[in-house]
Amino acid sequence: AVVSTQSTGISGSPGKRQMALEKGAEDFVILSDGADVAAHANSMDLILNTVSANIDTARLISMLKTGGTLVQLGITTQPLAVPLVDLLFHRKNVAGSIIGGIKSLQECIDFCYKHNVYPDIEVVDASRIEEIYGIFAGRNSGGIRYVLDIEKSKAM
């Protein structure tokens, strides 16, 4: 069987569109834009939600095809709002995972390496912690992942 894939970036931040497209997404959905979400209704087989914030999961589920699955990877402080009609009548699924262990994590890293998938990172020391928290509070629209340099921080 021939399998084709299309990658779609989804974010509440319109500023992440360009970054998503540069990283290989063929399409982009602004989750906070009802018309944009409606234009993508019933179009996706799988959505990986990495957001660790309370977002409108009903909108994510509305974009799944019949039999599609939303995989929740980010932990939230509130229960997920799940529209039962979509689950029952359209056989949509919600699943969750945190980490599958060292072996699964290594497989993911190997896959990313093989396909040249790398995050945008910036190594910082502890003197910038407050600044970085501020960036996260502002939705991190640049999509940078910050890595704390412990050794440099200890030398401060």
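A: Contact means heavy atoms within 4.5 Å. Beyond its neighbours within four places in sequence, Lys65 is in contact with Asn42, Ser43, Met44, Asp45 and Lys92. The model is predicted: local features need pLDDT of at least 70, side-chain atom pairs count only at pLDDT 80 or more, and totals for chains, interfaces and linings use all residues. Residues are numbered from 1 along each chain as its sequence is written, and side-chain values use heavy atoms, with hydrogens and water left out.

Q: In which strand is Lys65 found?

A: Helices (H or I, at least four residues) and strands (E, at least two) are DSSP runs, numbered from the N terminus. Lys65 lies in strand E4, residues 64-72.

Q: Why does Lys65 count as partly exposed?

A: Buried means under 20% relative accessible area, exposed over 50%, and partly exposed in between (1.4 Å probe, protein chains only). Lys65 counts as partly exposed because its relative accessibility is 32%. By contrast, Val85, found in helix H4, is exposed, with a relative accessible area of 53%.

Q: Which residues make up the largest nonpolar core?

A: A nonpolar core is a set of buried Ala, Val, Leu, Ile, Met, Phe, Trp, Tyr and Cys residues joined through side-chain atoms within 4.5 Å. The largest one has ten residues: Val29, Leu31, Val37, Met44, Ile47, Leu60, Ile61, Met63, Leu64 and Leu70. Strand E3 (44-49), helix H3 (57-62) and E4 each supply at least two of its residues.
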